[in-house]
Amino acid sequence: MRTAAIVTPISVPLKRWNSKFTTTRTIKALNPNNKSSLISMASLGSHENQKRKLPILLFDIMDTVVRDPFYQDVPAFFGMSMKELIECKHPTAWIEFEKGIIDEMELARKFFKDGRPFDLEGWWISFFFLGVSTIYCLSCSRLKNCMKRGYSYIDGLEELLNDLKQNNYEMHAFTNYPIWYEIIEDKLKISTYLSWTFCSCAIGKRKPDRDFYMEVLRHLKVEPGNCVFIDDRKGNVEAAVEVGILSLHFKNADLLRNDLSQMGITIPKPESQKPNNQSLVAD
């Protein structure tokens, strides 16, 4: 599985969250001369926003909340190395699937750029008895089962999400993923903690496209500085910074918990870190 190093674009210590007044801090973005690298944490302007608990937390899902099986399980599924799979797969099919442009039947048809079917045991025999469309359905079904087996929470993330929920923070998924996010939901019940509000397959846009970030802000009806975005991909984090969204480059749950706490976001300590309240008996 891909491991992302934490390379936060924030060039100054994190300031504590304060919704009572407007603060401005300098963020070192991809282009340090760009005026949009000044993030304005705007004060709440509407009565509606004054009732909301801020900041709103936006979570990438794959390799931030949930393990992405694509990098290990899928190459093994096809009997290839990751390098071989990248060389063989269609360059845009998965992106089109993530944006909802094609369905899973079309994905199965064009997954490999040379047009080969999924060459799995038993399928060539089945081909003589079943229609081609049925074969493609079988191929996607087996691949989906492979993906489902590989989905699991990143260590410590479910506990962190639960702690944030207990403190009534508004949380949304902000993710590049196809309709198969429903498989993740079926297995892990992500909606227990956050809403699947911003999925690329439903919006028709992908990170790091600027329009996707702007769509999020329009939907939430908040200033960019009233959101905190967490993602394991540096490019997505930098794109969020460019539109003024406070952002953290994810590495692991412990570091994320610490970074959020430094920003003034209230998170209870895990049970393992709570002090032992047993009284000490003097000699």
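Mentor: A residue counts as buried when under 20% of its relative accessible area is left, as exposed over 50%, and as partly exposed in between (1.4 Å probe, protein chains only). By that rule, both Tyr213 and Phe229 are buried. This is a predicted model, in which local features need pLDDT of at least 70 and side-chain atom pairs count only at pLDDT 80 or more, while totals for chains, interfaces and linings use all residues. Residues are numbered from 1 along each chain as its sequence is written, and side-chain values use heavy atoms, with hydrogens and water left out.

Trainee: How many aromatic pairs does the rule give?

Mentor: The count is 17. Another of them joins Tyr151 and Tyr177, edge-to-face, with 6.5 Å centre to centre and 70° between the planes. Tyr151 sits in the loop between α7 (132–150) and α8, Tyr177 in the loop between β4 and α9 (181–188), 26 residues apart. Tyr151 and Tyr177 are both buried. They also belong to one aromatic cluster, together with Phe70, Tyr71, Trp94, Phe97 and Trp180.

Trainee: What places Lys53 over the face of Tyr169?

Mentor: The rule asks for NZ of Lys or CZ of Arg within 6 Å of the ring centre and within 35 degrees of the ring normal. Lys53 is at 4.4 Å from the ring centre of Tyr169.

Trainee: Which strands form the open sheet, and in what order?

Mentor: Helices (H or I, at least four residues) and strands (E, at least two) are DSSP runs, numbered from the N terminus, and the protein has 13 helices and 7 strands. The open sheet has 5 strands in the order β5-β4-β3-β6-β7, with parallel pairing. Its edge strands are β5 (195–199) and β7 (246–249), each pairing on one side only.

Trainee: How do you know that β4 and β5 pair?

Mentor: Two strands pair if DSSP finds at least two bridges between them. β4 (residues 171–175) and β5 share 3 bridges in the parallel sense, so they qualify. Thr175 stands opposite Cys199 in β5. Helix α11 (residues 210–220) packs on the sheet, touching β3, β4, β5 and β6 (227–231); contact here means heavy atoms within 4.5 Å.

Trainee: Why is helix α12 called largely enclosed?

Mentor: In α12 (residues 234–242), 7 of the 9 residues are buried, so the rest of the structure largely encloses it. The buried ones are Asn236, Val237, Glu238, Ala239, Ala240, Val241 and Glu242. After α12 comes Gly244, with a positive phi near 95°.

Trainee: What share of the protein's residues counts as buried?

Mentor: Of its 283 residues, 48% count as buried.

Technical notes:
Axes are lines fitted to C-alpha atoms, for helices over the stretch in contact, and angles run from 0 to 180 degrees between N-to-C directions. Rings of Phe, Tyr and Trp (its six-membered ring) pair if their centres lie within 6.5 Å; planes under 30 degrees apart count as stacked, over 60 as edge-to-face and the rest as tilted.
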